[in-house]
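Please look over these notes on the model with the structure open beside you.

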Amino acid sequence: MELGWLLWGAAVLLLLHVVMQLSPSINFALRIGFYSFLCLLASALTAPVCLLVNGGRTVKNMRIIRSVVRSFKYFFGLRFEVKGLENFKVEGPAIIVSNHQSILDMMGLMEVLPDDCVQVAKKELIYAGSVGLIIYLGGVIFINRKSTTSAKMVMAEVAKSMIAENVKVWVYPEGTRNCTGDLLPFKKGAFHLAVQAQVPVIPVVYSSFTNFYDPKKKLFTSGKIKVEILPPMETKGLTSDDVSDLSDRCFHTMRETLFKLSG
C-alpha cells in the first residue's frame with residue numbers, strides 16, 4: 001500500500017513537472033501560488049517568535065523577519081549580487097529610496113536591509129492576513145495613499161520618530177509596482193521627509209526583473225538580481241525649495257544605474 005502511494009506521488013510530481021515545462025502559464029501560476037503560500041506560512045510561524053523574543057511591535061523584529069525571508073531565494077533559484085553595502089554605514093538616520101518592481105521585491109529588500117530600518121507601505125497591506133501581522137510587528141509605517149492630508153501627517157510624524165529613535169526609513173518613491181525595466185516619475189514625499197529631517201538620501205537600485213519575471217508574458221524562472229547601494233546624497237542646508245532638484249538628481253542617478261545593472 002505504501003509503495004503504491006509513493007508511486008502515485010512520484011507520478012503526480014512528474015506530471016506537474018512536465019506540464020510546467022510545456023505551459024509557461026501553469027508554471028507562472030504555480031510559482032506565484034507557492035510564493036504567496038510561503039509568505040503566509042512563514043509569516044504565521046515567525047509572528048509568535050517575534051512576540052516571544054521582542055514582546056510586540058518593534059523594528060528589532062526585522063532582524064528575525066530578514067533571516068527568514070532570505071531563505072526564500074533558494075526555493076525560486078534566485079541569486080543576488082550586491083555592491084555598495086558600505087554606503088549604509090552613515091551615522092544617524094537616513095532615507096533609503098529604491099525602485100519597486102513586483103511582489104518579489106520583499107526578497108530583494110530583506111537581502112540588503114540594514115539594522116534599525118523601517119519601511120513605508122500602503123495601508124491596505126495590514127489586512128493581508130498573517131503577512132499584514134508580521135509587517136505590523138516589524139514596525140512598518142502604513143500610509144493612506146488615497147488621502148494626501150493623511151499621508152503628509154504620517155510623514156511628519158515619521159520625521160520626528162526617525163530622529164528620536166535613530167532609525168532609517170525605506171521608501172519606494174515610484175509609489176507603485178513597475179515591472180517595465182524603467183522608472184516611473186518619483187513622488188516627492190520621501191525627499192520632503194529627508195529635507196525636513198536634514199538626513200541623507202541613500203539610493204538603492206535593483207536590476208530589472210524582466211529577464212526572469214514578467215506577469216504579462218507569464219514568465220517566472222530562476223535568475224540573478226544585481227543590487228547597488230549608491231553613495232548618500234546630503235541634504236544638510238537644503239530647504240523645501242530644493243526638494244524638486246534633489247528628487248530629479250536622485251531619479252536620474254538611479255535610472256542610469258538601473259540601465260547599467262540591467263545591461
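1. With which residue does D115 form a salt bridge? The partner is R63, and the closest N and O atoms of the two are 3.6 Å apart. A salt bridge here is a side-chain nitrogen of Lys or Arg within 4 Å of a carboxyl oxygen of Asp or Glu. D115 sits in the loop between helix 5 (105-112) and strand 3 (117-122), while R63 belongs to helix 3 (residues 61-69), so the pair ties together parts that are 52 residues apart in sequence. Helices (H or I, at least four residues) and strands (E, at least two) are DSSP runs, numbered from the N terminus.

2. On the basis of the values: this is a predicted model, in which local features need pLDDT of at least 70 and side-chain atom pairs count only at pLDDT 80 or more, whereas totals for chains, interfaces and linings use all residues. Residues are numbered from 1 along each chain as its sequence is written, and side-chain values use heavy atoms, with hydrogens and water left out.

3. D115 is partly exposed, at a relative accessible area of 36%, and R63 is partly exposed at 44%. The classes are buried (under 20% relative accessible area), exposed (over 50%) and partly exposed in between, with a 1.4 Å probe and protein chains only.

4. E111 and K73 meet through their side chains in a salt bridge of 2.9 Å, N to O. The pair links distant parts of the chain, E111 being in helix 5 and K73 in helix 4 (residues 72-76), 38 residues apart. Both E111 and K73 are buried.

5. E81 forms a salt bridge with K224, with 3.2 Å between the closest N and O atoms. E81 is in strand 1 (residues 78-83) and K224 in strand 9 (residues 223-229), 143 residues apart. E81 is partly exposed at 40% relative accessibility, as is K224 at 32%. Elsewhere, shared partners join R63, R66 and D115 into one salt-bridge network. The count comes to seven salt bridges.

6. The second largest pocket has a volume of about 230 Å³. A pocket is an open set of points on a 1 Å grid over the protein atoms alone, where a 1.4 Å probe fits, with protein on both sides within 12 Å along at least five of seven lines; lining residues have an atom within 4 Å of a point. The volume is the space filled by probe spheres set on the points, which are joined across faces, edges and corners.

7. Helix 7 (residues 148-165) gives the most to this pocket's lining, with five residues. Residues of the lining include R57, V118, I141, M162 and E165.
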